[in-house]
Amino acid sequence: MAAMFFPRDEYFMRLALREAEAALEHDDVPIGAVVVHDGEVIGAGHNERELRQDPTAHAEILALREASRALGSWRVLEAVLYVTLEPCAMCAGAIVLSRIPRVVYGTTDPKAGAAGSVLDVLGEPRLNHRPDVAAGLLAADCATLLTQFFGSRR
């Protein structure tokens, strides 16, 4: 099944990649996310687990928190989440709970992905919300950033 991308998707994924690069400044895994509503970024985040010493400080969680504050609601409706790596189970759960309607991610996560790789939380028919998911946008760029990060640690 081919992913459906829209003209502005690449622009916003490149912003997510910039967020991912910011994680390198404090030695966190370079994953970035942005939430877009009405063509504007209303939430952005990058991994800050090492910086905050917080296992929940994932890029998606931080971006969703910022987006919720911007909208004044826990429901992040009529928005798109762009993230450089396939969301994990925790982040996928937060995506479902926030009711975000669309998720675009870069590269798959064969060890912890929860948007179809290891689990499919975002497509689980028993849950009350299932966002549209488009995978593989700028996948090589997203994967290279991660490969270089982990390669430098081995």
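1. Gly-39 sits in the loop between β1 and β2. Strands here are DSSP runs of E with at least two residues, helices are runs of H or I with at least four, and both are numbered from the N terminus. At 46% relative accessibility, Gly-39 counts as partly exposed. The scale is simple: buried means under 20% relative accessible area, exposed means over 50%, and partly exposed lies in between, with a 1.4 Å probe and protein chains only. Gly-39 and Phe-12 are 27 residues apart in sequence. In space, their C-alpha atoms are 9.4 Å apart.

2. A word on the source. This is a predicted model, in which local features need pLDDT of at least 70 and side-chain atom pairs count only at pLDDT 80 or more, while totals for chains, interfaces and linings use all residues. Residues are numbered from 1 along each chain as its sequence is written, and side-chain values use heavy atoms, with hydrogens and water left out.

3. Strand β1 (residues 32-37) and strand β2 (residues 40-46) run antiparallel, joined by six bridges. Two strands pair if DSSP finds at least two bridges between them. His-37 has Glu-40 of β2 as its bridge partner. Two residues lie between the strands of this hairpin. Asp-38 takes a positive phi there, near 50 degrees.

4. Which way do β3 and β4 pair, parallel or antiparallel? Strand β3 (residues 79-85) pairs with β4 in the parallel sense, over five bridges. Leu-81 has Val-103 of β4 as its bridge partner. Strand β4 covers residues 102-107, and six of its six residues are buried, so the rest of the structure largely encloses this strand.

5. Asp-27 has a positive phi near 60 degrees and is not a glycine. Its place is the loop between α1 (9-23) and β1. Asp-27 is partly exposed, at 45% relative accessible area. Gln-53 is another non-glycine residue with a positive phi, about 55 degrees. This residue is in the loop between α2 (49-52) and α3 (59-71). Gln-53 counts as exposed, at 61% relative accessibility.

6. Stay around α2. Asp-54 is also placed in the loop between α2 and α3. Its relative accessible area is 22%, so Asp-54 is partly exposed. Asp-54 and Val-118 are 64 residues apart along the chain, and 23 Å separates their C-alpha atoms. Arg-49 belongs to helix α2 itself. Arg-49 is partly exposed, with a relative accessible area of 33%. From Arg-49 to Arg-126 the gap is 77 residues in sequence and 31 Å in space, C-alpha to C-alpha.

7. Now the aromatic rings. A pair of rings is described by the distance of the centres and the angle of the planes. Rings of Phe, Tyr and Trp (its six-membered ring) pair if their centres lie within 6.5 Å; planes under 30 degrees apart count as stacked, over 60 as edge-to-face, and the rest as tilted. By this rule there are three aromatic pairs. Phe-149 and Phe-150 have ring centres 5.0 Å apart and planes at 80 degrees, so this pair is edge-to-face. Phe-149 is buried, at 6% relative accessible area. Phe-150 counts as partly exposed, at 33%. Tyr-11, Phe-12 and Tyr-82 form one aromatic cluster.

8. Where do charges meet these rings? A charge sits over a ring if NZ of Lys or CZ of Arg is within 6 Å of the ring centre and within 35 degrees of the ring normal. Arg-153 lies over the face of Phe-149, 3.6 Å from the ring centre. The charged end of Arg-8 sits over the ring of Tyr-11, at 4.8 Å from its centre.

9. Last, the largest pocket. A pocket is an open set of points on a 1 Å grid over the protein atoms alone, where a 1.4 Å probe fits, with protein on both sides within 12 Å along at least five of seven lines; lining residues have an atom within 4 Å of a point. The largest pocket holds about 490 Å³ of space. It is lined by 22 residues, and the closest to its centre are Leu-85, Asp-109, Lys-111, Leu-146 and Phe-150. Helix α5 (residues 139-151) gives the largest share of the lining, four residues.

Terms used. Points joined across faces, edges and corners; volume = space filled by probe spheres on them.
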